[in-house]
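Hi,

Here is the structure I promised to pass on.

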Amino acid sequence: MSDDGHEQNGHERVPSRRRRRFPGISSRAYEHPADRSALVALRRLSGFDTVFKALSGLLPERSLRLLFLSDSVRVSDQQFTHLNDMLRDACYILDLEKVPPMYVNQDPQPNAMCIGLDEPIIVVTTGLVELLDEEEMRAVVGHEVGHALSGHSVYRTILLFLTNLALRVAWIPLGNLAVLALVTALREWFRKSELSADRAGLLVGQDLRASMRGLMKIAGGNHLHEMNVDAFLQQAEEYEAGGDLRDSVLKILNVLPRSHPFTTVRAAELKKWAESRDYQRIMDGHYPRRTEDKDASVGDSFKESAASYASDVKSSKDPLMKLVTDIAGGAGGLGGRVKRGFDGFTSAPPPKDGPPKDGRPQDAPPQDEE
């Protein structure tokens, strides 16, 4: 039931509690700054949408639509009615006028996606439907509707196409490198778009614990009695702060081929946003409207994105990010910090405490030899 007291289709499994609605809300309200800056720039780029729609003949979109129509179950008033209720309610809360078609696809792997150039379609797997409870699933449906409202489906479809293209041209050295460079850049945007959609899911479900549980189940399966949200969030803290510079490099290498951020990171990011003033302002009814999107400044969006990255680096406990902060701040003894960070690469024992044998302070420059 939404905030107008109207229960969608009267399905008994849909919780009848009031939720706030956000008339005319712009996707800029919940988008991650890095995601928002890219989207604002693309929306303002003259002819961009025309060029990408011209690619529709090359992209397998029509094939995908026919595939889901022929080999999946379309959500409706007659099929998966509880999902249909959630979908309509999510569109109502985020004020998305046209409800996108939604399909359930037989796949034991828990997954969901929103793709399409001309219009978005939402696909969820049976593995996800069977894994999540009603409130957790509501957050996922809101997540996908958030993708649709942001227009992510266009760029996500292109990423799928380019990823397949990279495999086909792998035998062409320069061509493959060019495509892989573009895919890598798109994946970085893609990961930030997932953080945006997580926020949209929270605005729809308005239940942070349910969102946390859903992410935890995606990571560890349907064993809630064996898991704990607070302990799960502690993993994110340990992941960010633990290890040395070698671990920081490995984190980067691990995340580069991924389309989604790691689940513990997503949970921590969502909790941080839920506790922010930005989220509270949206819940109080103060948010940017879609009617203002055309006036959004590309420069301001990039400044917000840069400030967000700078803030993340400054507040990060990751060894590499702390080193970057030290470099930016001109910290003394930087060479020693770098050496200590990579000490594990060598078998040499660490230097003993105390002054060196010549009696000079450790940070003092060496004296010229006579």
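**What I found**

Ala274 counts as buried, at 16% relative accessibility (buried means under 20% relative accessible area, exposed over 50%, partly exposed in between, with a 1.4 Å probe and protein chains only). Before I go on: this is a predicted model, where local features need pLDDT of at least 70 and side-chain atom pairs count only at pLDDT 80 or more, while totals for chains, interfaces and linings use all residues. Residues are numbered from 1 along each chain as its sequence is written, and side-chain values use heavy atoms, with hydrogens and water left out.

Back to Ala274, which is found in helix α12 (helices, H or I with at least four residues, and strands, E with at least two, are DSSP runs numbered from the N terminus). Leaving aside neighbours within four places in sequence, Ala274 is in contact with Leu202, Leu208 and Tyr279 (contact means heavy atoms within 4.5 Å). Ala274 and Leu208 are 66 residues apart in sequence, yet 7.5 Å apart in space, C-alpha to C-alpha.

**The chain overall**

The secondary structure comes to 16 helices and four strands. Of the 370 residues in the chain, 41% are buried. Among contacts with a separation of 6 or more, 71% are between residues 24 or more positions apart.

**Helix α10**

α10 has 13 residues, which at 1.5 Å a residue should span 18 Å; the end C-alpha atoms are 19 Å apart, which agrees (the expected span is 1.5 Å times one less than the number of residues). The buried residues of α10 are Val229, Phe232, Leu233 and Ala236. Seen down the axis of α10, these buried residues fall within an arc of 100°, so they line one face of the helix (the arc is that of the directions from the helix axis to the C-beta atoms). As a reminder, an α-helix has 3.6 residues a turn, so residues three or four places apart point the same way.

The buried residues of α10 pack against α9 (208-220) and α12. The face turned away from the buried side carries the exposed residues Gln234 and Glu238.

**Helix α6**

α6 (residues 134-150) has 17 residues and reaches 24 Å from its first C-alpha to its last, close to the 24 Å expected at 1.5 Å a residue. What about burial? In α6, 17 of the 17 residues are buried, so the helix is largely enclosed by the rest of the structure. Asp133 caps its N-terminal end, with a side-chain oxygen 3.1 Å from the backbone nitrogen of Glu135. After α6 comes Gly151, whose phi is positive, near 80°.

**Rings**

The structure holds four aromatic pairs (rings of Phe, Tyr and Trp, the last by its six-membered ring, pair if their centres lie within 6.5 Å; planes under 30 degrees apart count as stacked, over 60 as edge-to-face and the rest as tilted). Phe68 and Tyr103 have ring centres 6.2 Å apart and planes at 25°, so this pair is stacked. The pair links distant parts of the chain, 35 residues apart: Phe68 sits in helix α3 (residues 61-71) and Tyr103 in strand β2 (residues 102-105). Phe68 is buried at 6% relative accessible area, and Tyr103 is buried too, at 7%.

Tyr239 and Phe262 have centres 5.8 Å apart and planes at 65°, so they are edge-to-face. Tyr239 is in α10 and Phe262 in the loop between α11 (245-255) and α12 (263-274), 23 residues apart. Tyr239 is partly exposed at 31%, and so is Phe262 at 23%.

Asp95 has a positive phi of about 60° although it is not a glycine. Asp95 is in the loop between α4 (81-93) and β2. Gln206 has a positive phi of about 55°, and it is not a glycine either. Gln206 lies in the loop between α8 (173-205) and α9.

Cheers

Key
Polar contact = N/O pair within 3.5 Å; in protein donor to acceptor, adjacent residues only side chain to side chain.
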